[in-house]
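The following note sets out points for discussion on the structure shown below. It is arranged so that each point can be checked against the coordinates.

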Amino acid sequence: MSFVRFMAPKLLGAAITLLIALSLAFFLARAAGDPARNILGEFATEEQVLAKQIELGLDKPLPVQFVNYLGQLGSFDLGKSLRYSRPNWELIVGRFPSSIQLTVVAMLIATIVGLPLGVLAALKEGRIWDRVSVFVALFGQSIPLFWLGLMFILLFAVAWGWLPAGQSGTWQHLVLPAVTLSVLPMARIARLARSSLSEVLEETYITSARARGLRERTVVITHALRNAALPVVTIMGLQAGTLLSGAVTVEFVFAWPGLGTLATQAVQFRDFSLVQAIVIVGAVSFVLINLTVDLLYGIIDPRIREQGS
Amino acid sequence: MLGRMLTGAVSADRTTKGFAARNSSLWVMGLPLVLLGLIVLAAPLLPLADPGLQDLRGRLIPPIFLEGGTWEHPLGTDQLGRDLLARIIYGGRLTFVIAIAAVLVGSVFGTLLGMIAGYRRGWVDTVIARIVDAQLALPFILLAIAIIVSRGRSLAVLVAVLAIISWAQYARVIRAEALSLRERPFILGLRAAGASSMRIILRHIFPNVGGTVLVLATLEVGTMILAESALSFLGLGVVSPDISWGGMLAGGREFIQDAWWVVAFPGIAITFVVLSINLLGDALRARYDPRKRTYL
Amino acid sequence: MTATEPVLQIEDLRVVFSERGVGKRPDVVAVDGVSMSIEAGEIVGLVGESGSGKTTLALATALLGRITDGRIWLAGESIVGISRSRMRRLRSLIQVVFQDPHGSLDPRQTVRKGLSELRSLHPDRTDWVTDVDLLGKVGLIEDLLDHLPHELSGGQAQRVSIARALLLRPSLLVADEPTSALDVSVQAQILNLLLQLRESEQIAVLLISHDLSVVRNLCDRVYVMKDGRVVEAGITEDLLASPSHPYTRELIAAIPGKDWDRSTLGVASGQSAGEVTR
């Protein structure tokens with residue numbers, strides 16, 4: 001009962017957020033632009049543009065287009081690719097395995113490295129380890145990932161020949177893109193783990209656990225880490241949500257056959273319909289991942305369920 | 001749903017003890033940026049090669065410290081024989097202009113909407129907060145791609161896209177600050193004295209969130225530089241003959257096997273600038289947010 | 001102002017906080033059918049422990065908070081259905097002094113700038129006194145005019161808050177725990193100031209407190225609040241001498257040993273209120 005009461009508003013909220021996001025995507029992309037003109041290029045005649053508009057349903061007034069757009073979404077129809085003449089959904093689903101594989105591995109690397117880095121920094125606050133890890137985290141947030149990918153290719157593929165520079169297939173192909181992609185979430189996780197753990201360590205219940213004579217390791221493991229975990233889990237969810245679609249440039253650099261590369265190909269061919277479909281899938285997956293994390297909280301930590309929204 | 005998660009994320013981010021804050025003063029953090037800004041501004045006065053001048057016989061000349069490098073091109077030349085040093089300095093101009101323009105537009109809209117939402121509450125707040133959540137749920141680079149594909153490519157569109165990406169950030173943070181400010185006694189007192197909402201928002205809420213806006217805007221210049229470089233790298237932002245760091249990376253990518261310097265230097269420039277901005281932002285945060293200084 | 005109409009009259013006031021939507025928490029009735037009237041120049045106490053709805057009621061009386069139901073008259077005029085501008089004007093008849101002295105002043109505004117802003121809001125109502133004389137009335141010297149709030153002590157900040165309230169010539173001053181954030185020595189000075197202002201400016205005061213000993217020494221009448229309702233009301237002395245509600249008896253029993261009365265507050269001789277604090 002109480003779980004349903006906890007879940008219902010979250011589901012509703014997620015649905016509303018998604019609806020607004022998809023409407024925003026529609027209006028931002030269409031309100032003042034002329035996709036037909038852009039698809040055909042500047043040398044197209046007026047007749048050609050008009051024909052294209054009719055073909056895409058762009059000749060109708062904007063509100064009518066919007067209703068059609070919502071209607072399509074409602075029936076889970078993502079439209080047809082202009083370039084490939086196949087349903088967008090098919091094209092996107094075909095890229096899912098690669099994208100998910102890359103995201104999962106990158107998140108694993110980010111967590112395995114970022115979490116200990118942050119915890120270490122919090123425990124050794126103010127000392128050299130702390131400074132190093134904070135600086136590394138800041139560095140990770142400042143570096144353009146696609147450029148880092150290029151540098152990795154330069155070193156590991158071109159100069160030393162240890163790993164392949166692009167494409168996919170074996171685990172060796174996965175290493176460079178996954179490591180590159182893991183840098184930003186790693187930095188975020190490390191920063192957040194550090195701040196949330198050092199905050200918890202100053203709480204009174206930690207002091208009293210220490211006063212009871214518990215060993216420092218016991219205090220940290222049984223009390224502090226558990227309480228510091230929540231915000232870290234949140235940021236992991238958020239990062240995973242953005243990774244799936246945020247990998248565009250990194251996928252492009254490594255010619256990784258995921259959603260991001262599909263998007264850049266769609267751009268090259270001005271495949272407006274496919275781009276829009278990918279945006280929709282990206283927004284849906286972001287909202288779904290975060291909803292899942294939110295619901296997981298409710299299961300893991302009953303206190304949050306009590307507090308309600 | 002996202003609201004709570006996002007607020008959680010930001011509050012944690014703010015409580016991160018600033019590396020910069022503890023180690024150096026604002027000036028030390030700002031100095032590299034000021035110097036760089038001056039160099040970039042004074043570019044036409046410096047003895048630099050014409051950044052657009054092609055020399056097909058002098059293609060991919062290595063930088064001075066490698067064999068074959070010449071003082072004529074200290075950082076070497078690119079695939080069309082153009083001087084890399086000049087291109088990086090001139091490219092910095094456009095990169096900065098775009099990032100700062102986007103930050104200005106985004107921060108004005110975001111701050112205003114955030115203050116209105118937080119102060120007025122009610123349905124206005126509900127609507128704005130929902131749009132912020134929705135905006136943050138849209139994958140930024142895909143959204144940018146969608147807009148640019150349907151609108152065509154231009155500097156104005158690029159700035160607009162970047163501003164659209166960033167406004168929600170300000171709105172979210174400033175809304176939270178305005179929400180807590182509106183319950184403060186001095187705001188209640190002003191309402192009791194008959195001050196209008198407009199006056200309270202502009203004269204009292206704004207000065208009190210100004211420091212936060214400044215910190216956010218500083219950090220956001222870095223984010224915008226990264227976003228611009230990503231879009232230009234994909235061929236969606238700045239394109240030839242205009243020069244930006246991201247655009248340089250896009251052009252040099254194919255030649256990475258033979259001439260690493262063509263992609264290495266623009267990337268180093270981006271990383272250096274964004275890192276400096278992030279360090280400065282950390283220092284500013286400690287300075288302008290005295291209430292939270294103990295946590296920083 | 002003629003003394004025939006009460007400065008403030010409220011009838012059957014209710015304030016309910018409720019959430020909307022699925023999975024909401026139950027409504028909270030913070031103020032549950034309270035009626036109260038305050039005459040010109042009167043000091044009225046409102047006591048109750050925290051959570052009893054005092055502050056919610058205070059904000060509602062100053063027309064700053066939510067009002068779910070009930071009727072309110074200001075100087076005999078009902079505030080139901082009046083225009084926004086009229087409302088803003090009427091509202092300035094009631095000014096509020098809050099508990100947190102520093103929170104009551106915009107941290108980015110000097111005392112002088114704050115006062116001149118108030119003057120620009122009500123040019124006609126504020127020309128009766130200069131900044132310097134106004135500060136004099138609350139026992140401050142003019143040097144403080146160019147100070148920022150964080151450069152003031154708690155007591156000084158509270159005096160500035162009172163001066164700001166006074167500037168608009170309100171007919172009622174709502175003081176919500178005005179002394180509980182201050183040092184004990186400063187508390188007496190501020191309470192004294194309120195008493196003195198009642199004499200000199202003919203201002204009615206609604207003094208909200210959890211401390212019955214403060215109320216006993218200052219207030220003509222008292223309302224006792226518990227769980228959003230007024231459980232007992234009456235002339236201070238009568239009420240304290242023969243409390244009828246068990247809750248009032250509890251509060252009286254909890255009065256600590258510090259036994260102030262008006263003479264120790266020094267109102268009779270009038271010395272400490274005007275004392276200059278620096």
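1. The buried residues of α7(A) are L145(A), F146(A), W147(A), L148(A), G149(A), L150(A), F152(A) and I153(A). The model is a predicted one, and the remarks below should be read accordingly.

2. Helix α7(A) covers residues 145–159, 15 residues in total. From its first C-alpha to its last it reaches 20 Å, close to the 21 Å expected at 1.5 Å a residue. Just after α7(A), a positive phi of about 65° is found at G161(A).

3. How many residues make up the largest nonpolar core? It has 255 residues, and those with the most contacts inside it are A25(A), V275(A), I278(A), A283(A), A144(B) and I145(B). Helix α9(B) provides the largest share of this core, 17 residues. In soluble globular proteins, nonpolar side chains tend to be buried together.

4. With neighbours within four places in sequence left aside, V275(A) is in contact with A263(A), A266(A) and V267(A) of chain A, and with I145(B), A146(B) and V149(B) of chain B. Of these partners, I145(B) is itself one of the residues with the most contacts inside the largest core.

5. Between chains A and B, 63 residues of chain A are in contact with 50 residues of chain B. The side of chain A that touches chain B comprises 38 nonpolar, 17 polar and 8 charged residues.

6. Between chains B and C, 13 residues of chain B are in contact with 22 residues of chain C. On the chain B side, the elements giving two or more residues are α8 (185–192) and α9 (197–233). The largest share, 6 residues, comes from α8(B). By class, this side of chain B has 7 nonpolar, 4 polar and 2 charged residues.

7. Chain C contains an open sheet of 4 strands in the order β2-β1-β4-β5, with antiparallel pairing. Which strands lie at the edges? They are β2 (28–38) and β5 (77–78) of chain C, each of which pairs on one side only. Strands of a sheet pair through backbone hydrogen bonds, either parallel or antiparallel.

8. Within that sheet, β1 (residues 8–17) of chain C pairs with β2(C) in the antiparallel sense over 8 bridges.

Key. Residues are numbered from 1 along each chain as its sequence is written. Chains are lettered from A and ligands numbered from 1 in the order in which they are written. This is a predicted model: local features need pLDDT of at least 70, side-chain atom pairs count only at pLDDT 80 or more; totals for chains, interfaces and linings use all residues. Two residues are in contact if their C-beta atoms, placed from the backbone, lie within 7 Å. Ala, Val, Leu, Ile, Met, Phe, Trp, Tyr, Cys and Pro count as nonpolar, Asp, Glu, Lys and Arg as charged, and the others, Gly among them, as polar. Two strands pair if DSSP finds at least two bridges between them. A nonpolar core is a set of buried Ala, Val, Leu, Ile, Met, Phe, Trp, Tyr and Cys residues joined through C-beta atoms within 7 Å. A residue is buried if 20 or more other C-beta atoms lie within 10 Å of its own, exposed if 12 or fewer, and partly exposed in between; C-beta atoms are placed from the backbone. The expected span of a helix is 1.5 Å times one less than its number of residues.
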